[in-house]
There are 2 protein chains.
Amino acid sequence: MRAAVVAVGDELLDGRVTDTNSSMLAGKLSQLGVEVVLAQVIGDSLDAVVRGIRDAVELADVVLVTGGIGPTADDRTREALAVLTGRVLVEDAASWAAIRAIFDSRGLEVPESNRQQALCPEGATVLVNHTGTAPGFCVDIDDVRVFVMPGVPSEARRMFDDEVAPQLDVGSTSHTETLCFGGVSESLLGGMLQRYLSEGGAVRVGITSSWGLLRVTARADTKRALDDVISEIRSAGKRWFVGTGYRELEDLVAERAIASATTLAVAESLTAGLATARLGRVAGISSVLLEGVVTYSNASKTSRLGVSEQTLSEHGAVSEQCAREMAEGLARTSDAGLAASATGIAGPSGGSDAKPVGLVWLATTLDGTTETRERRYGPVGRDIIRNRAASDLLLMMLQRLLP
Amino acid sequence: MRAAVVAVGDELLDGRVTDTNSSMLAGKLSQLGVEVVLAQVIGDSLDAVVRGIRDAVELADVVLVTGGIGPTADDRTREALAVLTGRVLVEDAASWAAIRAIFDSRGLEVPESNRQQALCPEGATVLVNHTGTAPGFCVDIDDVRVFVMPGVPSEARRMFDDEVAPQLDVGSTSHTETLCFGGVSESLLGGMLQRYLSEGGAVRVGITSSWGLLRVTARADTKRALDDVISEIRSAGKRWFVGTGYRELEDLVAERAIASATTLAVAESLTAGLATARLGRVAGISSVLLEGVVTYSNASKTSRLGVSEQTLSEHGAVSEQCAREMAEGLARTSDAGLAASATGIAGPSGGSDAKPVGLVWLATTLDGTTETRERRYGPVGRDIIRNRAASDLLLMMLQRLLP
């Protein structure tokens, strides 16, 4: 099955917003074994949307469109689908009721403009939006099924998982499994798995990386072939293996902490809560996550965690010694089983020759034993430095929790 | 001038890598006053590259291609341009010398496969690569100039700035400005701006929403026309206006805090650091952000912020009283000028009839005065509840900082 992805919105074409829906959908489709042959970003004008979807329909068996179904006059995707299918737009009674219910629950009058969100081409199937007001829909153009979803990434993601993926006929007799690895580069692990990655035919293996984690997904026609390749991959990457399933680092940390009844606390400086917030994503984390402390100022490091003023003046806030005292002070004040800390220079200014932008110190304290780790990411940008530091901190926590 | 952007690479179509070149180039083009009408991501096959560039040439006056000019067999962009221009590929002597010099300087033998990077269609102009081995080039197809650049983002960025931008004849630039609004729904504001949003005419207006902020961008051919529409939009949305420019909520909070020399601290429960981490995104925030506290457990709320055990037992952790005590306790312990707090039920479990999933209490303390705000988002999913709560907390902070 071949898919094309179309993202609609002027804001995606003038640099204001980076389209993340297309790569999110491409990744999910790829996981399902669907080949993505085209991703297009087009503007809000009716002509552009019609042309973009028509081009996609010519190349693919299924087309996924995001964006252009909001309540305002510059949302033209519905009209475009009416043009392309040659059908009129009709109001879906259930969608209109659902939109009204959302506004009712917030004690608000529903604006008349939201009523257009209940429109879809006659004969279309409505896709329920569990997280926002705009329902999606799907229609067929010739033999190609076109799914239309909201542009808001969280809504598109949820709608794909709940409403679109189950409808895709991927001919899935194939078996699939994912292994997660941490602390290894994609090129190194990829090199070791070269023969699986290049192989066509009965077993297909792909690697994806996201903050701090490499995921190797194998797909095979038989359970037996899958088990064989998975056990070979697992033994090849044994040193870096951290878990199974298509997961995020924070899911694995939570799983291990809950299984071992280890309570958690996190002290962050440059990451300012990124690592703690990622743990907070996991439902049920409240059974193990006690607290986090974002000690941005030096005074906060001292008052909240007891970092000594001598350490700050002699070694500075970005030092192994400070990271260590942050983690140990947090273990003491929070009473958590595993306490972790990160301090570093996110930039763009504040670096020096001895301590360049991108220098980060991490520490973890478990059962009275502290480990530290230095990272030097280089001047790769504030966002990337902060996200890598948070990921490496979560990875360090996970490694300490592994049996 | 109308531009189209084409990114080439299988890895961009299966979720392994997110294409960031297109939005980077779109942003730069937009700043130069060039309208981007299409961004396409296509796979590595020769057919796909030929078709993708041909489609782009039909729609635009200038086409920017990134990727597919590496040294391996799956890099087909050069061949595609040879097909499209009907010219043979020839070796550029200067490029080949430059590639050899790079390897020499690293003390390495140059692999024969890198020699293909010196090829370009006969008559093309070479674009020097100051940061990698692959030179770019530009050729004309009919009246459309096509620039071909490397896929590595840092190389593409540098080549655009140094080699491509100076060659673009941007002619008449359009004028553009963005206003930010908070605390109003897209449908309500969009309704008020209905007549501007309709397509066509000399002025084009679009609305985008991202966590907690609506941004209205106007574009016009003359400065005068732009000023007129911007002042009308600003007065229509006066109640909700929070700032100018294409910004995020955290940028506006940081700007106002720095301008008014107000220090900041944030106490978070359900959001677990999301709001603090967003503030941490802003370069220079360390001059005003003192600290954050993620008081996930009840014990932490008491020990870190002095929330009374009576409040927790009588009103619960998700209550107006608890939010108030969190903010006031944080103002006291952090000594920040503005202290903010969020507590709520992110779900999926833990809700009751009286306190359903999605219930959130926010509080801010400024100069000894505390304000509280209740939000009921409904059971829209853990991620969305947490992100909305963080956004609403940042908005509340911004509103207290506005003059």
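Predicted model: local features only at pLDDT ≥ 70, side-chain atom pairs only at ≥ 80, totals over all residues.
Let me begin with one residue, Glu250(A), which is buried at a relative accessible area of 3%, where buried means under 20% relative accessible area, exposed means over 50%, and partly exposed lies in between, computed with a 1.4 Å probe on the protein chains only. Residues are numbered from 1 along each chain as its sequence is written, chains are lettered from A and ligands numbered from 1 in the order in which they are written, and side-chain values use heavy atoms, with hydrogens and water left out.

Back to Glu250(A), then. Which residue forms a salt bridge with Glu250(A)? The partner is Arg281(A), with the closest N and O atoms 2.7 Å apart, and a salt bridge here is a side-chain nitrogen of Lys or Arg within 4 Å of a carboxyl oxygen of Asp or Glu. The two residues are 31 positions apart and link distant parts of the chain, since Glu250(A) sits in helix α9 (residues 249–259) of chain A and Arg281(A) in the loop between α10 (274–280) and β14 (289–295) of chain A. Helices and strands are DSSP runs numbered from the N terminus, a helix being H or I with at least four residues and a strand being E with at least two. A network of salt bridges links Glu250(A) and Arg281(A) with Arg278(A) and with Asp383(B).

Other salt bridges can be picked out. Glu255(A) and Arg247(A) meet through their side chains at 2.8 Å, N to O; Glu255(A) is partly exposed with a relative accessible area of 40%, and Arg247(A) is partly exposed too, at 21%. Lys28(A) pairs with Asp161(A) in a salt bridge whose closest N and O atoms are 2.9 Å apart, and that pair also links distant parts of the chain, with Lys28(A) in helix α1 (residues 21–31) and Asp161(A) in helix α5 (residues 153–164) of chain A, 133 residues apart. Asp161(A) is partly exposed, at 36% relative accessibility. Over all chains, a search of the whole structure finds 35 salt bridges.

Now for a charged residue without such a partner. Asp75(A), in the loop between β3 (62–66) and α3 (77–85) of chain A, is buried yet has no salt bridge, and the nearest side chain of opposite charge, Arg78(A), is 6.3 Å away; in this count Lys and Arg are positive and Asp and Glu negative, while His and the chain ends are not counted. What joins the side chains of Asp75(A) and Thr72(A)? A polar contact of 2.9 Å does, meaning a pair of N or O atoms within 3.5 Å, where within protein one must be able to donate a hydrogen and the other to accept it, and residues adjacent in sequence count only if both atoms are side-chain atoms. The backbone nitrogen of Gly70(A) also lies 3.4 Å from a polar atom of the Asp75(A) side chain. Not counting residues up to four places away in sequence, Asp75(A) touches residues including Gln116(A) and Glu186(B), contact being heavy atoms within 4.5 Å.

Let us turn to chain B. Leu197(B), in helix α7 (residues 194–197) of chain B, is buried at 4% relative accessibility. Leaving aside neighbours within four places in sequence, Leu197(B) is in contact with residues that include Thr72(A), Ala73(A), Asp74(A) and Ile207(B). Between the C-alpha atoms of Leu197(B) and Ile207(B), ten residues apart along the chain, the separation is 8.2 Å.

A sheet in chain B comes next. Four strands form an open, antiparallel sheet in the order β10-β11-β9-β12, and two strands pair if DSSP finds at least two bridges between them. Because β10 (203–210) and β12 (241–244) stand at the edges with a single partner strand each, one side of each is left without a neighbour in the sheet. Eight bridges join β10(B) to the antiparallel strand β11 (residues 213–220), and Ser210(B) stands opposite Leu213(B). In their hairpin, which has two residues between the strands, Gly212(B) takes a positive phi near 90 degrees.
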